[in-house]
Amino acid sequence: MKSPVTFWLNGSETAVFVDAGANLLDVLRRGCGDLSPKYGCGQGGCGACTVLIDGEPHVSCLVLAETVAGRSVETTGGLSNGPDPHPLQRAFMEGFAAQCGYCTPGMLMAAKALLDRNPSPSRPEVEEAISGNLCRCTGYEPIVDAILEAARQRGAA
Amino acid sequence: MPTEYRKDLFADERSDDFDIVGKPIIRQDILGHVTGRSKFYDDHAFDGLLHMRCVRSAHHHARIRSVDSSAAERQDGVVRVLGGRDVPVNVNTLLSLINFGRDDEPLLAIGKVGYVGQPILAIVATSVRAAQEAVDAVKVEYEELPHVLDVEEALKPEAPIVNEEYPNNTFDYFDTYDHQKLRFGDVETAFSRADHIVEGEYQMSPIEQAPMETCGAIAAPETNDRITVHTSTQALFFSVGVTAKQLDISSARLHFIGGTVGGGFGGKVDSHHEPLAALACLATGKPVKYMWDRAEEMQVGGPRGGERWRIKDGVMRDGRIIARAFTGFFDAGAYTRLSSYAVQKSTGHLPGPYSIPNVASNVYCVFTNRTPSTAMRGFGITAVDFAIERHMDKVARAVGMDPIELRILNAYRDGDMKAHRREAKNCALIESCQAVAQKTGWSLSADAMRASSKVGGGEGALGVIPETVTDDEGRIGERRRSGLAPEPLSGQGTRRLLPEGYSSNNSSAFGNAPQREDMEAEIERLGFKGATVVSSTPQGPADQTASSARPIEPRETAHAVHPAGARGGPSLPAAYTQRPASTINQPIAQPPERAPGTPVVQQPATPPAAAEAENESAATHFQRGVRRPGVSRFISGSRRR
Amino acid sequence: MLEVQTYPTVGEAASAMDDRARFLGGGTLIMNRVNYGDRRFTRIVRTTDASLSEIRAQGDRLEVGAGVKMAEILASRDLDFLSPAARAVGGPAIRNMASVGGNLMAPHPYGDLAVALLALDADVRMVSGEEMSLEDFLARRNGVVRSLLVRRPQGDEFRFRKVSRVKPKGISVMSMAAHLTRSAGRLSGVRIAYGAMARTPVRVRAVENALEGVSLDLAGISAALSVATEGLDPPDDPIASGWYRREVAPVHLRRLLLGEDAR
Ligand SMILES: Cc1cc2nc3c(=O)[nH]c(=O)nc-3n(C[C@H](O)[C@H](O)[C@H](O)COP(=O)(O)OP(=O)(O)OC[C@H]3O[C@@H](n4cnc5c(N)ncnc54)[C@H](O)[C@@H]3O)c2cc1C
Ligand code: FES
Ligand code: FES
């Protein structure tokens with residue numbers, strides 16, 4: 001049984017048919033063609049699938065897709081503004097905050113949720129904000145540095 | 001922390017004009033990573049993508065009495081159920097591509113399972129859920145067998161046979177021994193001379209690589225009779241070779257795309273997803289994804305194998321280690337994969353970065369009913385290094401010496417002879433120890449601070465290959481029959497004495513694998529300096545004139561030394577050549593059509609005659625690799641000259 | 001195959017339940033089961049009823065809707081006494097999704113918020129209108145919960161501590177909560193609850209009894225520490241063995257009671 005769901009994806013109105021029980025991650029990737037959120041576990045444990053729903057981070061693998069009806073979903077696919085990278089993206093690039101890059105889209109979303117709420121976070125606040133996101137290539141130090149750097153850049157701009 | 005360069009050290013051995021190291025650089029692939037547009041294997045959209053899940057063994061060790069997939073095949077969304085008999089060449093070993101080891105692992109188990117989670121059937125369905133439900137609907141009847149989960153238990157005469165291809169539960173080295181030997185000098189005599197004997201046992205558990213992206217592959221039909229395979233593999237050409245072999249098709253039909261990998265750390269070399277996905281693609285004509293979920297990744301993904309090491313040192317009062325013996329056990333799990341090679345890698349690493357004039361080791365690649373283990377960052381080295389360094393501390397306590405000074409005293413210096421008969425070069429352990437001591441405020445004696453890797457190397461006995469005692473203990477099968485202890489030189493086998501200076505790069509006594517001729521390094525071509533290539537008649541060690549140090553031994557000599565002469569097509573030992581016809585001449589190409597509802601296991605195999613004919617035609621258009629009697633057709637390319 | 005049924009009111013949703021159905025809270029546990037093909041249930045029942053997400057005063061108690069998320073507890077000034085426990089659940093994304101109702105049902109080693117609520121002697125109000133103590137609810141764990149009723153603790157009498165190996169996020173080795181009421185300077189009517197030390201969060205009566213009438217100092221609590229795990233058989237799991245949990249429980253109980261810093 002498929003049912004229709006309409007929501008806002010990175011600012012655009014999106015309508016998609018979802019299978020009963022489908023999670024948001026699968027619907028974004030297969031239904032909407034937004035491949036930026038990644039599957040790492042399907043258990044909420046890794047954060048690779050993190051997206052923002054109404055501005056707050058959620059692990060999309062555990063979100064029943066139909067519950068986002070009428071809400072706004074943001075993914076890394078919509079992070080940059082045209083050709084210009086988001087300050088977080090720029091900081092991740094310049095700070096070598098990704099190796100294999102598989103955790104990166106989720107990290108960026110968790111970081112964006114933080115900076116949107118708290119433009120000048122402390123280091124422990126950054127660590128807390130990405131505590132649900134695993135990076136197996138062990139890039140936590142550069143990732144935390146990059147998020148702090150993005151906050152500084154934004155503050156300066 | 002900013003990187004600090006010690007420009008005072010080895011200044012004449014390297015240049016300082018780094019233009020990359022120590023400077024921030026923007027990775028060429030990072031724009032894709034931060035925009036979420038890097039294409040990992042699963043980031044490709046396919047119409048009508050099918051999903052695959054496996055029916056997996058519920059037991060460590062069991063005979064499969066029956067498999068009934070009839071209910072599963074009737075379920076909604078189920079497209080195809082594949083079993084071991086649908087795989088043209090079901091049994092493989094990863095390193096068969098370089099002719100190392102015998103095919104021992106089925107892609108889908110037939111008749112028997114050797115570990116929990118071993119795949120038995122692969123179910124292809126229109127959704128993950130449908131495939132999961134079908135998996136649950138398959139009934140497998142098992143007859144549980146006794147299992148063994150400990151490496152040393154597995155060596156005992158009464159242990160169950162884990163892997164029929166290796167009925168002694170150990171990988172066969174050089175078709176002669178049940179372990180990899182290293183013999184250098186005479187440890188027994190040295191032990192009797194030593195002031196202290198220090199023994200220790202060290203163990204490391206298996207470790208899952210746990211990449212963020214789970215292993216998987218998508219195989220999709222292309223035009224031109226090819227299959228595109230997007231894969232997470234870390235070893236694209238391994239995976240092509242394995243897929244070509246197991247599907248028995250030309251690799252020219254396989255278009256593999258990979259390289260963007262969501263973390264691998266060694267766990268993505270096993271090449272199981274690609275053949276299964278490609279087989280299902282051939283069988284259904286549709287794109288098929290075989291992706292592990294996280295639970296599978298943790299349960300059946302090949303981990304770094306567990307290892308157990310025992311070290312026995314003979315130490316003089318002043319802290320000099322004069323003898324070191326190792327007994328090492330690699331837990332391969334139920335099948336070989338890369339453990340056979342890890343054992344050799346570790347043997348090449350012994351006795352650690354220390355100059356010890358007498359070294360012996362027996363290292364075993366042991367089969368147990370655990371998840372087969374595979375590569376992981378420095379596998380073969382990590383655990384034994386852990387053991388060695390723990391043991392160095394233990395030795396330091398035994399002789400009452402500062403542990404760093406003990407290391408400096410025994411460290412390799414340039415010019416020392418290593419146990420695998422190469423001269424140590426570019427040594428830096430002493431300097432590293434000194435730097436660590438300085439940084440941590442650890443005080444060292446003036447002598448230790450003055451020591452240098454460049455001074456004192458190769459002096460006296462440490463510079464030469466010593467007279468070496470070898471033995472023939474631990475021949476294949478002997479241990480299981482007689483309960484022989486695993487330690488080196490622990491039995492009554494025949495001892496032989498190799499004269500001082502005797503070297504070979506191809507003798508089992510020394511730890512190098514006999515490689516296939518066409519895979520052998522040609523020293524002239526590699527520009528190996530100081531290599532003297534002598535063409536000589538075969539010469540045994542007994543009639544060898546002593547003490548002329550020879551850097552590189554001619555191959556013929558090595559050949560003669562090798563007890564079983566396991567080299568060259570014609571002289572291949574029986575175990576390599578007498579492959580059961582059934583493993584080679586499996587049905588080729590597409591799995592046979594079959595009526596829905598027929599359980600896979602009841603399918604008749606393609607008649608052998610037809611298979612033979614197919615094989616011929618495959619061979620004629622199959623231009624890749626070498627084709628010689630007794631040589632795998634799947635060696636990925638012949639040597640360019 | 002799976003079916004999802006959405007109802008406008010929680011009453012209708014509750015009446016659609018049977019043993020092949022699961023009521024959807026935030027989904028952090030149920031969707032995991034769905035993703036892994038759990039066939040023990042074939043229906044997901046959910047409601048869009050906003051009343052399930054309300055936090056309001058009810059006499060001298062606060063009524064917390066079963067659909068309230070951990071992040072909403074953290075954002076609520078009225079529920080600030082619950083924030084140490086709400087913050088202990090998962091990472092930020094999980095806290096945006098994990099509901100109070102789901103936390104009462106979460107299997108070992110989960111249920112950190114429930115531990116706090118247990119020590120606070122919360123009551124559970126079912127959709128049917130029935131009310132019972134949380135302890136009784138945990139013993140049977142069925143039916144759909146509408147809300148939790150909890151009294152605000154006074155001063156510093158309420159304490160919560162979660163022990164985990166990974167910080168800031170990590171699954172419980174154990175969690176502990178204490179409601180340390182006093183009379184005439186001595187402990188009296190104390191409630192102690194543990195999580196991850198039994199199949200569900202539990203009250204620890206042996207410890208509570210040993211704390212009756214003693215002073216809150218090392219000497220006073222020593223008898224309680226010696227019975228810290230009496231009657232408990234803590235489970236083995238990948239986070240910790242039962243043996244380990246038993247060994248370290250007295251240490252963490254002491255830190256909890258005396259307000260010592262863990263690190
Ligand atoms: C990565 C991760 C980390 C986690 N860390 C923690 C942690 O640190 N501490 C912790 O305590 N938990 C943790 N959890 C578990 C879980 O997220 C929480 O326990 C959460 O509160 C469960 O609530 P939910 O709304 O998501 O439950 P759901 O998944 O929606 O439901 C769980 C169960 O509760 C039932 N249920 C839901 N609502 C009601 C209701 N109103 N009435 C009756 N039954 C109901 C459901 O039917 C289901 O059986 C973690 C989970 C994940 C995935
Ligand atoms: S895939 Fe969603 S948290 Fe790991
Ligand atoms: S960069 Fe590989 S997991 Fe984070």
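**View 1. Helices α3 and α5 of chain A make a right-handed crossing.** Welcome to this predicted model, in which local features need pLDDT of at least 70 and side-chain atom pairs count only at pLDDT 80 or more, while totals for chains, interfaces and linings use all residues. Residues are numbered from 1 along each chain as written, chains are lettered from A and ligands numbered from 1 in written order, and side-chain values use heavy atoms, without hydrogens or water. Look for α3(A) at residues 104-117 and α5(A) at residues 140-156, whose axes come within 11 Å and cross at roughly 40° (axes are lines fitted to C-alpha atoms over the stretch in contact, with angles from 0 to 180 degrees between N-to-C directions). Right-handed here means that the near helix is turned clockwise from the far one by less than a right angle. Helices are DSSP runs of H or I with at least four residues, strands are runs of E with at least two, and both are numbered from the N terminus.

**View 2. Helix α3 of chain A also crosses helix α2 of chain A.** Here α2(A) covers residues 87-94, and its axis comes within 10 Å of the axis of α3(A). The two axes cross at roughly 130°. That makes α2(A) oblique to α3(A), and their crossing is right-handed.

**View 3. In chain B, look for the crossing of α6 and α7.** The axes of α6(B) and α7(B) come within 9 Å, with a crossing angle of roughly 45°. That makes α6(B) oblique to α7(B). The crossing of this pair is right-handed.

**View 4. The largest cavity holds about 230 Å³.** It is one of 11 cavities of 30 Å³ or more found in the whole structure. A cavity is a set of points on a 1 Å grid, over protein atoms alone, where a 1.4 Å probe fits but cannot get out, and its lining residues have an atom within 4 Å of a point. Points join across faces, edges and corners, and volume is the space filled by probe spheres set on them. Of the 27 lining residues, B:Asp270, B:His272, B:His273, B:Trp292 and B:Arg337 lie nearest the centre of the largest cavity. Strand β5 (105-106) and helix α7 (273-284) of chain B each supply at least two lining residues, and α7(B) gives the most, with 3. By class, this lining has 11 nonpolar, 10 polar and 6 charged residues (Ala, Val, Leu, Ile, Met, Phe, Trp, Tyr, Cys and Pro are nonpolar, Asp, Glu, Lys and Arg charged, the others, including Gly, polar).

**View 5. The second largest cavity has about 100 Å³ of space.** Among its 13 lining residues, B:Asn92, B:Thr93, B:Leu94, B:Glu105 and B:His272 are the closest to its centre. Both β5 and α6 (236-247) of chain B supply at least two residues of this lining. The lining divides into 4 nonpolar, 5 polar and 4 charged residues.

**View 6. In chain B, the loop between β4 (91-92) and β5 holds B:Asn99.** Phi of B:Asn99 is near 50°, a positive value in a residue other than glycine.

**View 7. A cis peptide bond joins C:His108 and C:Pro109.** Omega of this bond is about 0°. You can find C:Pro109 in the loop between α6 (100-105) and α7 (112-119) of chain C.

**View 8. The peptide bond from C:Lys167 to C:Pro168 is cis.** Its omega is near 0°. C:Pro168 sits in the loop between β9 (158-164) and β10 (172-179) of chain C.

How values were computed. 1 Å grid on protein atoms, 1.4 Å probe; cavity = no way out; pocket = protein on both sides within 12 Å on 5 of 7 lines; lining within 4 Å. Parallel < 35°, antiparallel > 145°, perpendicular 65-115°, else oblique.
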